[in-house]
Amino acid sequence: MSRLVTIYGGSGFVGRYVAQRLAKEGWRIRIACRRPNEALFICPYGTVGQIEPVLCNIRNEASVRAAMRGADAVVNCVGILANRGPNRFDSVHVEGAGIVARCAAALGVRRLVHISALGADSGSKSGYARSKAAGEAAVLAAFPEAMILRPAVIFGPEDQFFNKFAGMSVMSPILAIAGGETKFQPVYVDDVAKAAVMGVDGAAKGIYELGGPDVETLRELMQRLLRVIDRKRPVVNLPWFLAAPVAALADAAQAVTFGLFTNRLLTRDQLRNLYTDNVVSPGAGDFAALGITPTPMSAIMADYLWRFRPNGQYDAIQASAKNLRKAS
């Protein structure tokens, strides 16, 4: 019988790429998520019956255990960027991660890969960063041999980074940001998946910080983005005294409406993170230690951000046709 892996959050941004790679290797895959009917799009990644979405809430130990039963390996890709409803940083990143690790140890799972985040720090001012560090500690306490991946800001077709800012640039005559001089090291989502698969296969373990080959300030990343989507917008860096009230008002609007308004603009916790460099630490285990060459942004961004260009793909198609005519 082929090997079985359970991927918690397998229908999410990172999880679907991990699933696709493991399916190619012949693994049977359980996609553990809150809405399995919305995860059916992953099934064609494998052969008929190879991939099975199952109902699971990472905050519920019984459902975590049921989704894991019989698994040889586990990947935990569950994470949130902001507190919303019952999904809080502590309940998801700490308690949920701990539940997955304890169940893995109790059920005799051979390998566990936990997706954390670059900048996880128990002493951070950000609740997100503190919870990621506490989650790592909970995982290692229960499953010391776990592989922990700390990716930087992740980019790719379904990302919530470049897509978000590209959408803002379409709607606004300026591109307003906070923390414009903070350094970032964006990493391609499929490179993170490659690293996770190495952990599932038993080729690596330990803690790895994953960043791409390019290190740029947030302002430089936005300027790169605008060039890719062929839009001219001034990039305006909001000082703290202007950004903080905006974030506070957006958080307050979400609170007073009991979540009817969802703050997808900027939370106070995200603002705190924006003033800390998000780059790989010197001497940390990284892609080089895994034998993976990270993908540059220039090789990927245009492939999925073309829809934000004024003429979509038309200009690129027209230029390609002209080049073909010249060549002939």
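I began with the UniProt annotation: an unreviewed entry assigns "domain: NAD-dependent epimerase/dehydratase" to residues 5-209. UniProt positions follow the numbering used here, feature names are shortened, and such annotations may be inferred rather than shown by experiment. The model is predicted: local features need pLDDT of at least 70, side-chain atom pairs count only at pLDDT 80 or more, and totals for chains, interfaces and linings use all residues. Residues are numbered from 1 along each chain as its sequence is written, and side-chain values use heavy atoms, with hydrogens and water left out.

I then took the secondary structure over residues 5-209: the chain is 38% helix and 21% strand, both being DSSP runs (helices H or I, at least four residues; strands E, at least two). The end C-alpha atoms of this range are 23 Å apart.

Next I looked up the nonpolar cores, sets of buried Ala, Val, Leu, Ile, Met, Phe, Trp, Tyr and Cys residues joined through side-chain atoms within 4.5 Å; buried means under 20% relative accessible area with a 1.4 Å probe, protein chains only. The largest core has 72 residues, and Ile7, Ile29, Phe162, Met222 and Leu305 have the most contacts inside it. Apart from it lies another core of 22 residues, including Tyr8 and Cys103.

Finally I checked for disulfides, pairs of cysteine sulfur atoms within 2.5 Å, and the count is zero. Cysteine 103 counts as buried, at 0% relative accessibility.

Note on methods
Buried means under 20% relative accessible area, exposed over 50%, partly exposed in between (1.4 Å probe, protein chains only).
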